[in-house]
Every structure is written in C-alpha cells, then in structure tokens.
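Have a look at the side chains first, then read on.

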Amino acid sequence: MSSVAVVPGSFDPITLGHLDVIERAASIFEEVHVVVVHNPDKQALIPIAHRVSLIEKSLDERGLVGAGIVISSWSMGLLVDYCTDVGATAIVKGIRSQIDVAYETPMAIVNRNLAEVETIFLLPDPAHAHVSSSLVRQVSALGGDVAPYVPGVVAEFLKHTAD
C-alpha cells in the first residue's frame with residue numbers, strides 16, 4: 001500500500017520554509033500532494049494559477065520534479081474531501097511557533113474526526129522559522145529584498161510584480 005500525504009497551504013508566495021517541509025514530507029511519504037488552497041479570510045496577492053506555477057518552478061529549481069510530488073489546487077469543499085479523493089491518510093503542516101500549534105490543533109482534530117486523516121506537524125529548519133508568506137509580501141511591497149526567504153523564481157516574480 002502506498003503512503004500518500006497532503007501538504008496544504010495558501011503559498012502566497014511559497015517560501016524556503018514551505019519547500020523544506022515539502023521536501024521532508026517527500027522523504028517520508030511515497031506520494032505528496034502540494035495543494036494550494038483558497039483561504040476566504042485572506043486577500044491573496046498572487047492568483048492561484050500563478051502560485052501553482054511558482055511552486056512547480058521552485059520544485060524544479062531544487063530538483064524535486066518527479067519525486068512523487070503532485071501539485072494542485074483546491075477551492076471547493078473541505079480539504080479532507082481532497083484527501084479522500086487522492087487516498088491520503090495524512091496532512092503535513094509546518095509549524096513555526098506555539099501560535100501555529102494553537103491554530104492548527106483544532107483543525108487537526110476535526111480532520112481526523114471527519115475523515116480519519118491524521119495531521120503531522122513538522123518543525124521548521126531554524127533558518128526559516130521566522131519567515132511567513134505575509135512577512136515576505138510585506139517586505140516585497142515595501143521594496144525590500146526577499147531573496148533570502150523565497151526560491152529564486154519567486155524573488156524574481158515579486159520583483160517584477162512590485163515594479
């Protein structure tokens with residue numbers, strides 16, 4: 001039986017921390033679905049289709065294309081519905097702090113109750129523990145250099161978006 005996990009997120013934009021979590025999940029599971037989800041509570045900077053493309057290019061930069069990683073988007077229904085559709089038994093989430101734990105724990109319990117999908121929390125590489133997509137968006141919008149926090153293709157995209 002193959003093991004399938006889902007790594008969901010808004011990825012607006014994808015960061016080096018996200019890539020670290022994806023890469024580590026790919027070393028644990030045979031198949032990893034990176035799913036760009038629509039969050040109605042957030043005002044997105046990058047359209048979903050562009051986020052999917054940036055993730056594909058970012059994974060390609062790291063040599064992870066074809067490593068059992070599937071990239072898709074999901075905007076209708078519950079994430080556990082997607083998990084059920086692809087046969088995933090786990091959701092992998094990166095957590096940076098106690099705030100993330102407090103936010104993610106109720107969702108993890110509900111997801112387990114709804115679809116028997118377990119949530120696995122991965123701690124970040126300390127080099128990326130302070131970085132969030134919202135911080136990257138803010139630094140970029142104010143003309144700062146985001147290259148230390150995001151893949152090269154994303155830094156270029158944001159640079160041209162700010163122009």
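Which side chain meets that of Glu118 in a salt bridge?

1. Arg112 does: the two side chains meet at 3.6 Å, N to O. By salt bridge I mean a side-chain nitrogen of Lys or Arg within 4 Å of a carboxyl oxygen of Asp or Glu. Glu118 is partly exposed at 38% relative accessibility, and Arg112 is partly exposed at 38% too. (Cut-offs: buried is under 20% relative accessible area, exposed is over 50%, and partly exposed is in between, with a 1.4 Å probe and protein chains only.)

2. Searching the whole structure turns up seven salt bridges.

3. Now for Arg24, which pairs with Asp20 in a salt bridge, 3.1 Å between the closest N and O atoms. Both sit in helix 1 (residues 16-28), four residues apart, or about one turn of the helix. Helices here are DSSP runs (H or I, at least four residues), numbered from the N terminus. Arg24 is partly exposed at 27%, whereas Asp20 is buried at 13%.

4. Asp100 and Arg96 form a salt bridge as well, with their closest N and O atoms 3.3 Å apart. Asp100 is buried at 14% relative accessibility, while Arg96 is partly exposed at 40%.

5. A word on the basis: this is a predicted model, where local features need pLDDT of at least 70, side-chain atom pairs count only at pLDDT 80 or more, and totals for chains, interfaces and linings use all residues. Residues are numbered from 1 along each chain as its sequence is written, and side-chain values use heavy atoms, leaving out hydrogens and water.

Methods: Helices (H or I, at least four residues) and strands (E, at least two) are DSSP runs, numbered from the N terminus.
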